[in-house]
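Biologist: I am new to this structure. Please show me how to read a few of its features.

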Amino acid sequence: MVFLGCSVNPVTGKQDFVMISESQEIALGKKYHAQILQQTSAYEDPELQAYVQRIGDSLSSKSHRPNLFYRFTVLDSPDINAFALPGGYIYINRGLMAYLSSEEELAAVLGHEIGHVTARHSVKQYSQSQILGILSTAIEISQGRTAGNIASLTSGVLLSGYGREMELEADDLGAQYIYQEGYSPQGMYDVLSVLKDQEIYSKALAKKRGQEPRSYHGVFASHPSNDKRLQEILQEVTNSYPKGDIKITANYLKKIEGMVYGDSEESGVRRGNEFFHSELDLYFSSPVDWEIINTPQSLIFTSPKGEAILQVNLEDLEDSQDLVPVSYTHPDAADEGLGVDLGGRRIIK
């Protein structure tokens, strides 16, 4: 059953159209938190996890929703990304942490994601998508085909990106929280500059792959230093909010010393046109100009501009069977000289 209603936004004090209560929001975050960890495991470093949680706890105590119990998780992914689920579930990939150079920059990323939670951005997007789908949902209920479609819709909305206005609001809120915690708003600017550089690289890589570019927080048309709205936001924070006591920060680079960079041994390692997975006893090689994309669910080989693709999925064998041949998703892929050496413990489909 869907309940419609309005509630006061904890950030703006204005009425928001939302379709779930705070307790439902927390339950939604908890549900998808479990799914996130099934797809991408938490990075196995308890000390680093605790460090990120401590910084997040100090920032969330300054937020507009300090009553929530925030959970901060470092994910074992090389991707440059951070995101938040409703109810206070916040994630940062080790791939993004490797690009940061100070605790202040880490605090800025976490503050930004806390801002998305406190302003209920994902909840508002979820509510809007649900009201647009009410008619079609009602039809599907009568046909008994609703559950899977609603779950797919929900997860897609919760993990989708935000528009410029929401991202700038999260920047504003994040800057407020880090400033009141004793960090400088400059940390927010520094992070956005790093992310802009990464966005430029990501676009070039996507063009090479023949794919649409993807970036974290890619809302600035030019460099953040040229964005007037952002500069106004950071100046307003400095002028309008009390600065916390000078923060004694930890040596961030010392904290991430030894952290895995790029591919991990557990998920397989790419070296040029070769892929190695010691645990699965697997080795693949591809043409030198092909790209290897390693995801939690599959291993993908793609030719320049994506004209041919080979995708490999792995499943445990429940009984003794021979390995079946590799299936190519494009007929040209079989002629490109892809080499395969299998250890004999898995089936390739």
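Modeller: Start with a loop. His 217 sits in the loop between helix 9 (186-209) and helix 10 (228-240). Helices (H or I, at least four residues) and strands (E, at least two) are DSSP runs, numbered from the N terminus. The model is predicted: local features need pLDDT of at least 70 and side-chain atom pairs count only at pLDDT 80 or more, while totals for chains, interfaces and linings use all residues. Residues are numbered from 1 along each chain as its sequence is written, and side-chain values use heavy atoms, with hydrogens and water left out.

Biologist: What is the phi of His 217?

Modeller: Most residues other than glycine have a negative phi. His 217 is not a glycine, yet its phi is positive, about 65°. Arg 120, also not a glycine, has a positive phi near 60°. Arg 120 lies in the loop between helix 4 and helix 5 (121-132).

Biologist: Is His 217 buried or exposed?

Modeller: Buried means under 20% relative accessible area, exposed over 50%, and partly exposed in between (1.4 Å probe, protein chains only). His 217 has 8% relative accessibility, so it counts as buried. Arg 120 is buried as well, at 11%.

Biologist: How do I read the packing of helix 4 and helix 8?

Modeller: Two packed helices are described by the angle between their axes and the distance between the axes. Axes are lines fitted to C-alpha atoms, for helices over the stretch in contact, and angles run from 0 to 180 degrees between N-to-C directions. Helix 4 (residues 103-118) and helix 8 (residues 164-180) pack at about 120°, with axes 7 Å apart.

Biologist: Why are helix 4 and helix 8 called oblique?

Modeller: Angles under 35 degrees count as roughly parallel, over 145 as roughly antiparallel, 65 to 115 as roughly perpendicular and the rest as oblique. Helix 4 and helix 8 are therefore oblique to each other. Contact means heavy atoms within 4.5 Å. The contact residues include Gly 111 and His 112 of helix 4 and Ala 170 and Tyr 177 of helix 8.

Biologist: What is the strand order in the open sheet?

Modeller: Two strands pair if DSSP finds at least two bridges between them. The open sheet has three strands in the order 3-5-4, with mixed pairing. Its edge strands, strand 3 (71-75) and strand 4 (82-85), each pair on one side only. Strand 3 and strand 5 (residues 89-93) run parallel, joined by five bridges. Phe 72 has Ile 90 of strand 5 as its bridge partner.

Biologist: Which strands does helix 4 lie across?

Modeller: Helix 4 lies across strand 3, strand 4 and strand 5, at about 30° to strand 4.
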